[in-house]
Amino acid sequence: MTTIGHFVDGKRVSGASARRGEVFDPATGRRTGEVELASAADVADAVQAAARAARAWRDASLAKRTAVLFAFRELVNARRHRLAEVITAEHGKVLADAAGEVQRGLEVVEYACGIPSALRGGFSENVSTEVDSYSLRQPLGVVAVISPFNFPVMVPLWFIPVAVACGNAVVLKPSEKDPSAALLLAEWFAEAGLPDGVLNVVNGDKEAVDALLDHPDVKAVSFVGSTPIARYVYQRGTAAGKRVQALGGAKNHMVVLPDADLDLAADAAVNAGFGSAGERCMAISALVVVEPVADALVGRIAERMAGLRTGDGRRGCDMGPLVTAAHAAKVRSYVEAGVAAGAVPVVDGRDVEPDGDAAGFWLGPTLFDHVTPEMSIYTDEIFGPVLSVLRVGSYGEAVELVNASPYGNGTAIFTNDGGAARRYQHEVEVGMVGINVPIPVPMAYYSFGGWKSSLFGDLHAHGEDGVRFFTRGKVVTSRWLDPRHGGVNLGFPTQI
């Protein structure tokens, strides 16, 4: 049994708080450790270390910052399998999925290695006689990152590389459900040459979150999680005068038109619906099928689901367990609610026989047909391996259904009609759109984020928006006077 502490000022430390949380192996149900839950005083220590480090780090050259990022990239790349093992042990996703998560996080590191180009300002000569103007982007100081359990590596890497490349110091609060990967990232950043205090990790729960939101030295907060908590983080953080980007939940729709390749669509629905046991904010959970192809598509999906193997992610299975016993019970209750509401359970994941310990947190892939918009399995973000099929009569009905959702994170359309695809990308009220791509997570040089209740704040994660979020602009107007042009003039200055 291990005790997982914090990482502050360049080393692992134990905090003053005596509160602890439990860490489990989801595939066995066994408790593998306990994690310290930081108090407000513990958070204050981490913020103080970050504030000290930020003063020097903001003055570090771009060459120094990029050298650290390049070295960190090489360390993570060489140790990616170790990182994937840690993810699987505490989250439960299969090793191949965990390795993919590490790769997507590395893409943001690689983007941040190009920070000198991203931080270039503008210059205008002679905006007035012998007057020049130019723009700068400068770091904020101390920033906080609050990340969720479902991507313990990728989501922190959406923010930390860009933040430190821009000259900020970071306090990361990972999920207390799977905290170990964050500590490895911090140690490897230090090994890569990041100065002490520039990246700190405090483990904890709501008490730690509130302390970060309230601390006056924290200038900005990046959050990923459920919509209710994202709203809370945004409201409390902005009330304290902070810049906040709070990415919330989702109910992602995949629209299938009658002309689509149904085999391709069926593959995509299974991959996007059940990967990582559905614990993805970009998972497809609502399949909107334009008749008359629903029967054929549902049959193809069911055939593919019959071949899926649910079990321990270290045994080469297709889908692992859910993250905790409580979450597994919650998702199971949604399956029961769907049956009670009259949806047709084509494949019932409650009957799964997992390749793993019987005490694991299991629920197999579940497929509902004939789902209607008022059912809770459609309206709520379940965050589990539950795919709901809704049948509509036209393209227009499909778009109306998608746009009526309070969420607007990701969506996809499957069709061979280029005109329909172009119309959909224009009309749909969603932040990230895939055309024959079920999970349209953008590359690191574009920005990740949704619309409506899937995002609170103006700027998205990584890419250009990430650079803008972690910096503030400054415009300088300068005149170096020629001694020949001296003298006093009390007239109003004019642009000549």
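**A walk through the predicted model**

Helix H7 (residues 180-191) gives the largest share of the lining of the second largest cavity, 3 residues. Helices (H or I, at least four residues) and strands (E, at least two) are DSSP runs, numbered from the N terminus. A cavity is found on a 1 Å grid over the protein atoms alone, as a set of points where a 1.4 Å probe fits but cannot get out; lining residues have an atom within 4 Å of a point. This is a predicted model, in which local features need pLDDT of at least 70 and side-chain atom pairs count only at pLDDT 80 or more, while totals for chains, interfaces and linings use all residues. Residues are numbered from 1 along each chain as its sequence is written, and side-chain values use heavy atoms, with hydrogens and water left out.

The second largest cavity holds about 40 Å³ of space. A volume here is the space filled by probe spheres set on the grid points, which are joined across faces, edges and corners. Among the residues that line this cavity are Phe7, Ala186, Phe189, Ala190 and Leu199. By class, its lining has 8 nonpolar residues, 1 polar and 1 charged. In this sorting, Ala, Val, Leu, Ile, Met, Phe, Trp, Tyr, Cys and Pro count as nonpolar, Asp, Glu, Lys and Arg as charged, and the others, Gly among them, as polar.

The structure holds 4 cavities of 30 Å³ or more. In the largest cavity there is about 110 Å³ of space. Its lining counts 15 residues, and the closest to its centre are Gly278, Arg280, Ala283, Ser285 and Phe383. The lining of the largest cavity divides into 7 nonpolar, 5 polar and 3 charged residues.

A pocket, unlike a cavity, is an open set of points, with protein on both sides within 12 Å along at least five of seven lines. The largest pocket contains about 910 Å³ of space. It is lined by 37 residues, of which Phe149, Lys177, Gly225, Ser226 and Ile229 are the closest to its centre. Elements that give two or more residues to this lining include helix H6 (154-165), helix H9 (227-239) and helix H12 (325-341). The lining has 19 nonpolar, 10 polar and 8 charged residues. Where does the largest pocket lie? It lies between domain 1 (2-248 + 454-476) and domain 2 (252-435), because both give residues to its lining. The domain bounds come from an automatic or database domain assignment.

Now to the whole protein. Its secondary structure comes to 16 helices and 23 strands. The radius of gyration is 25 Å, close to the 23 Å that the globule rule gives for 496 residues, so the protein is as compact as a globular protein of that length. This radius is taken over C-alpha atoms, and the globule rule is 2.2 Å times the number of residues to the power 0.38. Along the principal axes, the C-alpha atoms fill a box of roughly 85 × 60 × 40 Å.

Next come the sheets. Strands of a sheet pair through backbone hydrogen bonds, either parallel or antiparallel. Two strands are taken to pair if DSSP finds at least two bridges between them. E1 runs parallel to strand E5 (residues 30-36), with 3 bridges between them. Within this pair, Thr3 has Glu34 of E5 as its bridge partner, and Thr2 stands opposite Gly33. On the other hand, E4 and E5 pair in the antiparallel sense over 6 bridges. Here Glu22 has Glu34 in E5 as its bridge partner. E4 and E5 form a hairpin with 4 residues between them, and Gly29 in the turn has a positive phi of about 75°.

A second open sheet is made of 7 strands in the order E15-E16-E17-E14-E13-E19-E20, and its pairing is mixed. The edge strands are strand E15 (344-347) and strand E20 (432-435). Strand E16 (residues 366-369) and strand E17 (residues 386-392) run parallel and are joined by 3 bridges. Phe368 has Ser388 in E17 as its bridge partner.

Two backbone details remain. Most residues other than glycine have a negative phi, and most peptide bonds are trans. Asp9, in the loop between strand E2 (6-8) and strand E3 (11-13), has a positive phi near 55°. Glu291 and Pro292 are joined by a cis peptide bond with omega of about 25°. Pro292 is in the loop between strand E14 (284-290) and helix H11 (294-306).
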